[in-house]
Amino acid sequence: MTEPSTSDLVFLRAAITEAHAAELAGEVPVGAVIVSPTGDILASGNNRVLRDHDPTAHAEIVALRNAGLALSNYRLTGCTLYVTLEPCAMCAGAILHARIARLVYAAPDPKAGACGSVLSVMNHPQLNHKVEVTSGLLAEDCSALLQNFFRARRQRPAALAHPNPQGERPGSDLDDNEEGCEESR
Ligand SMILES: [Zn+2]
């Protein structure tokens, strides 16, 4: 873990703006941006699993794809990924494959986080690539964003809730996610 800098705050706020964009589209509010070694935002992404009917369309994956296209390179060597929520196992794996140098995330995810909360995919001792990790900056803001989203969704009548693609009973995916679990993206 390393200490956050002033620019970390700026880029994390850009990731929060992305999270708001997801929320406006009815998606669980998670956002990410990827910054080049020279400090420019290369790409951004927000959670769009519902819109794309794609379980892999987490904010980090969307941002990684956009950054790869921007650089015409699947390796994002030296880049930093900022995200509002601790990456899950899938995203942690993708971040490692992309050779991201540094990860800055805001809120921990006690239900699916793979940077130490539940699993330790990031910086697993048997993996070669090491990612510098900074966490906790703006964590309360990002947690509140998720909690408010789930609270509002629970208060909606079941008939208006977003149809569950798994065909489960309406609201069944909400009960487990009071703290803003990434799994429900
Ligand atoms: Zn993920």
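In the protein, 59% of the contacts with a separation of 6 or more are accounted for by residues 24 or more positions apart. The model is a predicted one. Of the 185 residues, 39% count as buried. The protein has 5 helices and 5 strands, which follow the pattern α-β-β-α-α-β-α-β-β-α along the sequence.

Helix α3 spans residues 59–71 and helix α4 spans residues 89–97. Their axes come within 9 Å and cross at roughly 25 degrees. Because angles under 35 degrees count as roughly parallel, α3 and α4 are therefore roughly parallel to each other. The crossing of the two helices is left-handed. On the α3 side, the contact is made by Glu60, Ile61 and Leu64, and on the α4 side by Cys91, Ala94 and Ile95. By residue class, the contact of α3 with α4 divides into 5 nonpolar residues, no polar residues and 1 charged residue.

In α4, the buried residues are Cys91, Ala92, Ala94 and Ile95. They lie on the same side of α4, because the arc they cover around the axis is only 160 degrees. An α-helix has 3.6 residues a turn, so residues three or four places apart point the same way. The partners against which the buried residues of α4 pack are α3, β3 (80–85) and β4 (102–107). Just after α4, a positive phi of about 60 degrees is taken by Arg99.

Key:
Residues are numbered from 1 along each chain as its sequence is written. This is a predicted model: local features need pLDDT of at least 70, side-chain atom pairs count only at pLDDT 80 or more; totals for chains, interfaces and linings use all residues. Axes are lines fitted to C-alpha atoms, for helices over the stretch in contact, and angles run from 0 to 180 degrees between N-to-C directions. Helices (H or I, at least four residues) and strands (E, at least two) are DSSP runs, numbered from the N terminus. Angles under 35 degrees count as roughly parallel, over 145 as roughly antiparallel, 65 to 115 as roughly perpendicular and the rest as oblique. A crossing is left-handed if the near helix is turned anticlockwise from the far one by less than a right angle, and right-handed if clockwise. Two residues are in contact if their C-beta atoms, placed from the backbone, lie within 7 Å. Ala, Val, Leu, Ile, Met, Phe, Trp, Tyr, Cys and Pro count as nonpolar, Asp, Glu, Lys and Arg as charged, and the others, Gly among them, as polar. A residue is buried if 20 or more other C-beta atoms lie within 10 Å of its own, exposed if 12 or fewer, and partly exposed in between; C-beta atoms are placed from the backbone. The arc is that of the directions from the helix axis to the C-beta atoms.
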